[in-house]
Amino acid sequence: MTAAETEAASGTSTETLRFVMVGHVDHGKSTLVGKLLTETGFITETKIAHVKKVCEDQGKAFEFAFLLDGLEEERDQGITIDVAQMFFKTKRRNYVVIDAPGHKEFLKNMISGASSADVAFLMIDAEEGIQEQTKRHAYLLSLLGIRQIAVVMNKMDLVGYSEEVFNKTRDAYLGYLSTINVKPHSFIPISAYHGENVVKKSEKMPWYKGLSILETLDNFKSNDDRSKLPLRLPVQDVYKFDKRRIIAGRVESGTVSVGDEVLFLPSNKTVKVKTIEAWHAEEPRSVGPGISTGLTMEDQTFIERGDIGCDPARPAQVADHFTANLFWMGQKHLQKGGRYLLKLATQEVECLVQSIVKVINSSTLEEISRNAHEVAKNEVAEVILTTKKPIAFDTFDAVPETGRFVIVHEHDVRGGGIIQKTVQEYGAAI
Amino acid sequence: MTHLDKLENQSIFILREAYKKFKKLAMLWSIGKDSNVLLWLARKAFYGHVPIPLVHIDTSYKIPEMIEFRDKYAKEWNLNLIVGQNKKALAEGMNHTLGRITCCTALKTQGLQQIMEQYDYKGLILGIRRDEESTRAKERYFSPRDKNFEWDFKDQPPELWDQFKTNFDENTHIRIHPLLHWTEVNVWEYIKRENIPFVSLYFAKNGKRYRSLGCAPCTNTIDSNASTIDEIIAELKATRTSERAGRAQDQEDTYAMQRLRSKGYM
């Protein structure tokens, strides 16, 4: 039995699913998370007592959101500023809850949180209906590659638990989602504050035949298995602490075994794996996705950080320009002709914004301009980037981990992008 | 992969990024269970070596057994140990009766600041976890501190797809948090699996044990009969109180941790 199977057999779950809560400001994301953690018993009494006191001091009823919104400024204004991550579990598996802010000002924090999520709940206030961030967040989730999304209609108590209101908003939102190619897992009517359809099915909405929030979580499919994809092992570093020369890095996809030929790109060197190193554990014969590993090679070929170890039969692409969908988070606009630092896996290279094909409003999806000169904060654009040196990459659809990159400007990450096509392919498509 | 394998591999990835990107890097070693796990993970990441100096901020009020443990393993594991102490504040009589937040700021935050300035460290690895308390729940893996040592929690840089903030202004530094995604239970499960040494103060004696370790005057024991790691894990899975409930400085006022941490506390 493998360690994972032993763990499963003993009833301690091995799987962890990370879910993010997104949607417009004030639609009740933190309240739902607070309620969920309270009802499943994963909030300590110390914390509940603490929040009770804070609410009494403010002369308020108990705010479940305060269990997540721990900053003084967040509680004073009743909004989430930055992402909080909490933990709980069900019989099925472990969960990490990522509570993202809904305010437009904090979109970069929402993206930081959502970028690490496996699945998402998208929340709509039943009374207020679809708002700016309801749409923008859905679009960003689709860009981030999150495929399993459940839509939650909150505050059903404020609309008398009406099926009609629910259906109307659902149909309108489905129309929007279909334009961005998102097929939601489900639509769930709830009242987070009153706990209706949160853990158990609500008696207030007998017309709803679907699952509660907690049941939906357990119903989401497990993460995609990356082991069937071609090997991608970005080199982080080369260690020479003792007589071994160890190529260190994390397997992002595929597997690598002792004796395998590995093609390192963009340096274009093929070497055979001699050993897979380990400390305080048996040396493995083979390692797969997610493993931070270290290889020694048969030949002392010069390999360095940035190279990506690939399956020689299914290598990554190497080019110095490609088209990408990019979202911009910087206060200063992204400029056509501007030079920025691009980070893709462990590669870092200067890039030039060669062309801004089109800019779209990430909420309305309205095309703002074609062949534009700049991309403003919170906008999404299709761009052609040229890198100073050729880099190794995949399209996002082929291997997500090596098909995405960030743009750094003035020390901070200002944008993120996913690679659509090499420019050759792009040219062929026109 | 088991859930512990996943946690371990993510932490190793972060440690390796930190080691590659920061020439002037140190790791904070509080001698508590979390920083012992961190140290163990460093030995895994670097195949038995610890190529990063370990900084211990000695407030002089630590429980004596912690200091014995520190010196024993520093020698046994061949560690580059640097001990920092705010001698000036101690000479002027700083202690917790002058106010716990004042004392923590002087002996821990400023003690750390002095060492960071002396050695010009630009990266500092710490073993904090998101499940410890609310402000830590909002931390990034790579988290900047400005020239005054302050954390701007209202405007944190984006962090996505494991692309970390490794570019920064001079006069600032980056806090690196490789255990951010672990829980208290995970830490004990991993200590058990790997057989990692730890201070025996965590085990119950006469119905009391330490759940979190700090300075003697401000750290209280909890009621417990847990005298094995399994019993600690079972106790933690059933408990409804917070890990840091025994740490008096946290309870000084409603936002004590926010105030301490925004000024550069761990």
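Let's start with Ile115(B) and its contacts. Setting aside neighbours within four places in sequence, Ile115(B) is in contact with Val55(B), Ile82(B) and Gly84(B). Keep in mind that this is a predicted model. Take Gly84(B) from that list. In sequence, Gly84(B) and Ile115(B) are 31 residues apart. In space, their C-alpha atoms are 6.0 Å apart. Where does Ile115(B) sit? It is part of helix 5 of chain B. Is Ile115(B) buried or exposed? Count the other C-beta atoms within 10 Å: there are 22. The cut-off for buried is 20 or more, so Ile115(B) is buried.

Thr102(B) has 16 C-beta neighbours inside 10 Å. Buried needs 20 or more and exposed needs 12 or fewer, so Thr102(B) counts as partly exposed. Now look along the chain from Thr102(B). Leu260(B) is 158 residues away in sequence. The two C-alpha atoms are separated by 9.2 Å.

Next, where chain B touches chain A. How many residues does each chain put into the contact? Chain B gives 46 residues, and chain A gives 51. On the chain B side, helix 1 (3-21) and helix 2 (33-45) each supply at least two residues. Helix 1 of chain B has the largest share of that side, with nine residues.

Over to chain A as a whole. Chain A has nine helices and 23 strands. Its C-alpha trace spans about 70 × 60 × 40 Å along the principal axes. How does the radius of gyration fit a compact globule? For 430 residues, such a globule would have a value near 22 Å. Chain A has 24 Å, which agrees. Of its 430 residues, 48% count as buried. Now the contacts in chain A between residues at least 6 apart in sequence. Of these, 70% join residues at least 24 apart.

Let's zoom in on one helix of chain A. Helix 5 of chain A runs over residues 107-114. How many of its residues are buried? Eight of its eight residues are, so the helix is mostly covered. Among them are Leu107(A), Lys108(A), Asn109(A) and Gly113(A). What do these buried residues pack against? Four of the partners are strands: strand 1 (16-23), strand 3 (94-99), strand 4 (119-125) and strand 23 (412-422) of chain A. Helix 6 of chain A is also on the list.

Two packed helices are described by the angle between their axes and the distance between the axes. Here, helix 5 and helix 6 (residues 132-144) of chain A pack at about 40°, with axes 11 Å apart. That angle makes helix 5 of chain A oblique to helix 6 of chain A. The crossing is right-handed. Which residues meet? From helix 5 of chain A come Met110(A), Ile111(A) and Ala114(A). From helix 6 of chain A come His137(A), Leu140(A), Leu141(A) and Leu144(A). By class, this contact has six nonpolar residues, one polar and no charged.

Most residues other than glycine have a negative phi, and most peptide bonds are trans. Here are some exceptions.

First up is Lys155(A). Its phi is positive, about 65°, although Lys155(A) is not a glycine. Lys155(A) is found in the loop between strand 5 (148-154) and helix 7 (163-179) of chain A. With 22 other C-beta atoms within 10 Å, Lys155(A) is buried.

Then Asn181(A). Its phi is also positive, near 65°, and it is a residue other than glycine. Asn181(A) lies in the loop between helix 7 and strand 6 (186-189) of chain A. Is Asn181(A) buried or exposed? It has 7 other C-beta atoms within 10 Å, so Asn181(A) is exposed.

Finally, a peptide bond. The bond from Leu265(A) to Pro266(A) is cis, with omega near 5°. Where is Pro266(A)? It lies in the loop between strand 10 (261-265) and strand 11 (269-276) of chain A.

How values were computed:
Residues are numbered from 1 along each chain as its sequence is written. Chains are lettered from A and ligands numbered from 1 in the order in which they are written. This is a predicted model: local features need pLDDT of at least 70, side-chain atom pairs count only at pLDDT 80 or more; totals for chains, interfaces and linings use all residues. Two residues are in contact if their C-beta atoms, placed from the backbone, lie within 7 Å. The radius of gyration is taken over C-alpha atoms; the globule rule is 2.2 Å times the number of residues to the power 0.38. Axes are lines fitted to C-alpha atoms, for helices over the stretch in contact, and angles run from 0 to 180 degrees between N-to-C directions. Angles under 35 degrees count as roughly parallel, over 145 as roughly antiparallel, 65 to 115 as roughly perpendicular and the rest as oblique. A crossing is left-handed if the near helix is turned anticlockwise from the far one by less than a right angle, and right-handed if clockwise. Ala, Val, Leu, Ile, Met, Phe, Trp, Tyr, Cys and Pro count as nonpolar, Asp, Glu, Lys and Arg as charged, and the others, Gly among them, as polar.
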